[in-house]
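Please open the model in a viewer and keep the selection panel at hand.

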Amino acid sequence: MTEGRTMKAALYEGVNHSAPLLKVTDLPVPIATNGDAVVKILASRVVSYAKDVLNGTRPFPNLLPMVPGTGGVGIVQSVAPGAIHIKPGQMVFINSAVRSRDHPVTPEGMVQGLLAFGRSKELQRVWNNGSWAEEMLVPLENLTVIPESVQAKFDPAELTSISNYAVSFGGLFPNLRPGQTVVITGSTGVFGSSAVAVALALGARCVIASGRNKKQLDEFVTLYGPRVVPVLTTGDVAKDTAAFLKAAGEGFDIDVSFDILPPQAGFGAVKSSILALRAGGTALLMGGINSSVEIPYSIIMNKGLTIKGVFMSDRAGPTTIIGLAEAGLLDLHHRQEPKIFKLDEINDAIEWSASHSGAFDATIVLP
């Protein structure tokens, strides 16, 4: 029985411009009602921009109070009626991209434990709390069972990386085909570095990893070999376009450009990657750039380019990432030692993640 029990959780009650941003307190344990499940959290991640969201620097509209935390890995505690495959005792991955169930074509979407815009607040009224808690209420369709063969290879902290890879997969698949060449802008961030790994796992012939951090770009080559070609961007559109074309290699075109730059970034590198695309190429926009963008109309028309925005991944994304990991095509092991925090240390974890946002950084909370 869960009624009357309490759990420890990190509560966000409103913008606070100084620490502590969250209050660790006791809240009622959630109860599965219809079409959802209660999951005991084993591990979750702290995104690097969490501090900016919580202190109001990057204001997100949310129903408050709420428990932040996007996704994670846990054990199913209880399941509401309507479940067929999800059962208590299973280890599951939690996909934070929640979509409304009552429109087959244009569902509303939110990121559980992070943000909800407009009408998606109706979803937040039901699934308002995220994973920085001992237990969490999750829609059934947002749970992916982790097979025992994968559990044997990776611990729960490592399995939380599924979220980073699944986001990139949501844009790259099915737009990137085996043997093709892709430019990734924003590759030296956590999500961008995941995109490099996913593109390789999907069979890319060449991944052009671009950014301004030469050390991290060079680390990609050390880690993955010559299929990754680093390009240090300059901000000069013409120079960067030429550098991308050269990096593709003689006799090869650039088929796909993939952007996942943060809000403060300029559009120059993205524009260069789009201008470098072959005729019929595809540009994928998954980042958070705030400014308006300008792309030459005639080039889009004459080249027949596709420019496509993508929000997170679909339900199959985590399943595919788990499959790639089980097959040995994608390594979920931490690429450097992660920083581990307990739930009581959540405010320290937020500070740490904000100052350690590189390609190989990972900040993990273990309730």
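**The open sheet**

Begin by selecting β6, β7 and β8, which form an open three-stranded sheet in the order β6-β7-β8 with antiparallel pairing. In this sheet β6 (97–99) and β8 (115–116) are the edge strands with a single partner each, so one side of each has no neighbour in the sheet. Strands here are DSSP runs of E of at least two residues, helices are runs of H or I of at least four residues, and both are numbered from the N terminus. Two strands are said to pair if DSSP finds at least two bridges between them. Strand β7 (residues 109–111) is joined to β8 in the antiparallel sense by two bridges; zoom in on Val111 to find Leu115 of β8 opposite.

The model is a predicted one, in which local features need pLDDT of at least 70 and side-chain atom pairs count only at pLDDT 80 or more, while totals for chains, interfaces and linings use all residues. Residues are numbered from 1 along each chain as its sequence is written, and side-chain values use heavy atoms, with hydrogens and water left out.

Select residues 36–45 next. Eight of the ten residues of strand β3 are buried, so the strand is largely enclosed by the rest of the structure. Buried means under 20% relative accessible area, exposed means over 50%, and partly exposed lies in between (1.4 Å probe, protein chains only).

Which strands are joined to β3 by bridges in the antiparallel sense?

- Strand β9 (residues 135–139) is joined to β3 by five bridges and runs antiparallel; Val38 faces Leu137 of β9.
- Strand β4 is antiparallel to β3 and joined by six bridges; Ala37 is opposite Val79 of β4.
- Strand β18 (residues 363–366) is likewise antiparallel to β3, with two bridges; Arg45 has Ile364 of β18 as its bridge partner.

**The nonpolar cores**

Move to the largest nonpolar core, which has 50 residues; Leu159, Leu172, Val182, Val207, Phe258 and Ile321 have the most contacts inside it. Such a core is a set of buried Ala, Val, Leu, Ile, Met, Phe, Trp, Tyr and Cys residues joined through side-chain atoms within 4.5 Å. The elements giving two or more residues to this core are β5 (91–94), α5, β11, α6 (190–201), β12 (206–211), α7 (214–224), β14 (254–259) and α11. The largest share, seven residues, comes from α6.

Centre the view on Val182, whose contacts (heavy atoms within 4.5 Å) include Leu172, Ala199, Val207, Val256 and Phe258, with residues up to four places away in sequence not counted. A second, separate core of 23 residues includes Ala10, Leu27, Trp132 and Ala349.

Is Thr185 buried or exposed? Thr185, found in strand β11 (residues 181–185), counts as buried because its relative accessibility is 1%. Among the residues that Thr185 touches are Ser210, Phe258, Asp259, Ala269, Val270 and Ser273, again leaving out residues up to four places away in sequence.

Select helix α9 (residues 268–275), which is mostly covered, with six of its eight residues buried. Those buried residues are Ala269, Val270, Ser272, Ser273, Ile274 and Leu275. Their cover includes β11, α8 (237–248), β14, β15 (277–285) and α10 (297–303).

**Backbone details**

Inspect the peptide bond from Leu64 to Pro65, which is cis with omega near 0°; Pro65 lies in the loop between α1 (50–54) and β4 (72–79). Another cis peptide bond, with omega about 5°, joins Phe173 and Pro174, and Pro174 is in the loop between α5 (162–172) and β11.

Then locate Met312 in the loop between β16 (306–309) and α11 (316–326). Phi of Met312 is near 55°, a positive value in a residue other than glycine. Met312 counts as buried because its relative accessibility is 17%.

**The second largest pocket**

Finish at the second largest pocket, which has a volume of about 290 Å³. A pocket is an open set of points on a 1 Å grid over the protein atoms alone, where a 1.4 Å probe fits, with protein on both sides within 12 Å along at least five of seven lines; lining residues have an atom within 4 Å of a point. Grid points are joined across faces, edges and corners, and the volume is the space filled by probe spheres set on the points.

To display the lining, select Gly82, Ala83, Ile84, His85, Ile86, Leu140, Glu141, Leu143, Thr144, Val145, Arg315 and Thr319. Strand β10 (residues 143–145) gives the largest share of this lining, three residues. The lining divides into six nonpolar, four polar and two charged residues. In this division Ala, Val, Leu, Ile, Met, Phe, Trp, Tyr, Cys and Pro count as nonpolar, Asp, Glu, Lys and Arg as charged, and the others, Gly among them, as polar.
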